[in-house]
Amino acid sequence: MVDFLAKVTEINPQSDGNNSEGNIKPLSSGSEQRALKEEGQQGGRRHHRRLSSMHEYFDPFSNADIYYGPITDPRKQSKIHRLNRTRTMSVFNKVSDFKNGMKDYTLKRRGSEDDSFLSSQGNRRFYIDNVDLALDELLASEDTDKNHQITIEDTGPKVIKVGTANSNGFKHVNVRGTYMLSNLLQELTIAKSFGRHQIFLDEARINENPVDRLSRLISTQFWKNLTRRVDLYNIAEIARDSKIDTPGAKNPRIYVPYNCPDQYEFYIQASQMNPSLKLEVEYLPKDITAEYVKSLNDTPGLLALAMEEHVNPSTGERSLVGYPYAVPGGRFNELYGWDSYLMALGLIESNKVDVARGMVEHFIFEIDHYSKILNANRSYYLCRSQPPFLTDMALLVFEKIGGENNPNAIQFLKRAFRAAIKEYKEVWTSGPRLDPITGLSRYHPDGIGIPPETEPDHFDTILLPYAEKYNVSLEKLRHLYNEGIIKEPKLDAFFLHDRAVRESGHDTTYRFEGVCAYLATVDLNSLLYKYEVDIANVIEEYFGDEFKDENDGTVTNSEHWKQLAETRKEKVNEYMWDEESGFFFDYNTKLKCRTSYESATTFWCLWAGLATEEQAKITVKKVLPQLEMLGGLVACTEKSRGPISIDRPIRQWDYPFGWAPHQILAWKGLSAYGYQQVATRLAYRWLYMITKSFVDYNGMVVEKYDVTRGTDPHRVDAEYGNQGADFKGVATEGFGWVNTSYLLGLKYMNNHARRALAACSPPLPFFNSLKPSERKLYYL
Ligand SMILES: OC[C@H]1O[C@H](O[C@H]2O[C@H](CO)[C@@H](O)[C@H](O)[C@H]2O)[C@H](O)[C@@H](O)[C@@H]1O
Ligand SMILES: [Ca+2]
């Protein structure tokens, strides 16, 4: 068992660390003391109460920058704020022996119950006088598989001694079990990142209820760490791209639309301010063709986004600054399409409306300057989009910024809807995405050659036969094919569909392989139905029921858009609905037949409000039993995915994986049709899985989960290797849409369910333990 051997130090000579009150919380003034006392008298639970301003640093759950900031640093306390504790006479005596140089070191300290969790009323604190050493010792003892995480797979003693703050580190208590030890590792890692050598650490911070801890981290830390905002100083860092490994990708680069001279000047200024970063700034041409986009493959760059003007109030100086946005996960720096919508839902839940709004501003800018909402704002994504959610996103932000009572909010909504209408017309209901025969739409982006952003060996199996045919290396083959020196229509078809798969957001799945660009998908047509309904409502409410389109000169009213929605609904029913199975299936516009791939996106028809009551009922009866797994909804049925082999490897958007967007849209859709209890049951499963991984795997929150695995659902070995599981010490961002799903899923949970989640009660035992009256809350 390792002992952190925290010792009395000279950092705060006035403090002996022992306090007969059992409360070592530092009080810097009488008024603060009174405030805390009153809080206690009100019987309020001090944990998780967010304390503000002066009191912030007393809060065991304050944000890391406060908790590990200078105000709590023992070495800086004499200068800033003495966090000393009241010395009691009895304690004085016991310490004085030691201070007087006692030889045999028999300290007559008070009984250990002074440091017991009970006697401290849950307010016990630890004192760690050497954070680096503590980290080394903790990892040496408990991280037996040496991956810098403490998980249930480590076989260490699972207990470590930590010095108490009351005794200034002399007395020790045990910290036990994977969860607390991994939280200790996380806190020490964070403390170290703040440059701290010594810390006081509330025990409550490392044995915090995991549901509270994860939702707190999402709201206060993860969103912050996922948020980006371009300015003069950080642009080179944001522009840098780790996905592409060509000599031309070595320097960070930003491409600016041809008609944004202010932004061009801004980025030139940024590059001149710090020449060593070698930021390259380029204009884009007016016409962006697939050929041009391919020509940038070796010299990729970030694409400029929307900026606002800031005026320095003291100097009057004007400067540009980017609107904030959130990135999907820690490994990204660019703004994504549908991830942004899904994160906006969670950001709004955490009152971070400015970031959600910023992303709507970026989408408006992208539609105006790149003619679509981009897959993400990198040059190699210029030809493709992602699932469209702009109307819903704009409406949510609109409500949060004041809605119809705020004229600025109305202006914002109108700008967003003008852009959405442009996108609807020019992207989703024009060729090649529109199928003129059915009137339905498909993911069908432009593009030439091999997507350069994928992992280098991603297409090797496909390309190998051609390399053999031409007797060249794979690298050479890639070059010859991309440059059009060799022509292979079969490869062209493969990559046409591959690009479409990526536009669908579902990259990749056997549902789409080799066929995606021909499929009128359930997902896309549900989303477009929602666009049509939303546009009709907004035209009626905010455009005086008359929308003049400056782009094509047309004038439309709400009735026109309602009619478009009605027509799409009819087409979806005609081409996609299969009453027998209860699924809405994709329609193959080339073969002119309905497919039979059973996908969780069938629930999107409920989310969009396109399904009838009867169809929703059938969905619950027939589809749900096939897609409901231990950890929530699975992306598709095992039967549809088919057998897996070396030649037919597993795909990440297939069985047995579950994805946050599928859960979120299904919960909302089911609730809208009166099946809130089904949504609650599914949400419990999903939250259970996330909470369990979080508890057992060092605070892990990943991009997707294997919803069939009970023990390690985060372990997904499919396609893109990095899914956010290989952090060292502490996970600092979670994953964007999973963060949202956690916050939204919790809204379905009552206190009983929250407690069960915190105890990691598996779904079945939990459901089986319910009283008959409670079972109906889960549609059981
Ligand atoms: O670089 C490989 C692929 O990465 C993206 O796809 C995956 O991550 C996205 C961000 O979370 C997500 O939107 C998408 O659904 C995921 O499959 C990217 O979108 C792809 O275009 C890219 O090829
Ligand atoms: Ca480990």
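Predicted model: local features only at pLDDT ≥ 70, side-chain atom pairs only at ≥ 80, totals over all residues.
1. The parallel sheet. Three strands make up an open sheet whose order is β7-β6-β8, and their pairing is parallel. Strands β7 (280-283) and β8 (302-303) form the edges, each of them pairing on one side only.

2. Pairing of β6 with β7. Strand β6 covers residues 253-256 and is joined to β7 by four bridges in the parallel sense. A reader who wishes to locate this pairing in the structure may begin with valine 256, which stands opposite tyrosine 283 in β7.

3. The helix across this sheet. Which helix lies across β6 and β7? It is α10, formed by residues 261-273, and the helix runs at about 165 degrees to β7.

4. The antiparallel sheet. A further open sheet of three strands has the order β12-β17-β18, and here the pairing is antiparallel. Its edge strands are β12 (519-520) and β18 (593-594), each pairing on one side only. Strand β17, residues 587-588, is connected to β18 by two bridges, and the two strands run antiparallel. Within this pairing, tyrosine 587 is placed opposite arginine 594 in β18.

5. The surroundings of ligand 1. How many residues surround ligand 1? There are 20, and the closest are Asp339, Asn375, Glu453, Gly505 and Asp507.

6. Polar contacts of ligand 1. Asparagine 375 places a polar side-chain atom 2.7 Å from an oxygen atom of the ligand. For glutamine 386, an N or O atom of the side chain is 2.9 Å from an oxygen atom of ligand 1. Tryptophan 653 has a polar side-chain atom 3.3 Å from an oxygen atom of ligand 1. Taken alone, ligand 1 exposes 480 Å², of which the protein buries 97%.

7. Two cis peptide bonds. Most peptide bonds are trans, and most residues other than glycine have a negative phi; the exceptions below therefore deserve a student's attention. The bond from aspartate 507 to threonine 508 is cis, with omega near 5 degrees. Threonine 508 belongs to the loop between α18 (489-503) and β12, while aspartate 507 is listed among the residues closest to ligand 1. A cis bond also joins tyrosine 655 to proline 656, with omega about 10 degrees. Proline 656 is located in the loop between α23 (638-641) and β21 (657-659).

8. A positive phi. Where does asparagine 168 lie? The residue is in the loop between β2 (159-163) and β3 (172-176). Although asparagine 168 is not a glycine, its phi is positive, at about 50 degrees.

Conventions
Residues numbered from 1 in each chain as written. Chains lettered and ligands numbered in written order. Heavy atoms only, no water. Pairing = 2+ DSSP bridges. Contact = heavy atoms within 4.5 Å. Axes fitted to C-alpha atoms, helices over the stretch in contact; angles between N-to-C directions. Near = heavy atom within 4 Å. Polar contact = N/O pair within 3.5 Å; in protein donor to acceptor, adjacent residues only side chain to side chain. Areas by Shrake-Rupley, 256 points an atom, 1.4 Å probe, with all protein chains shown as cover.
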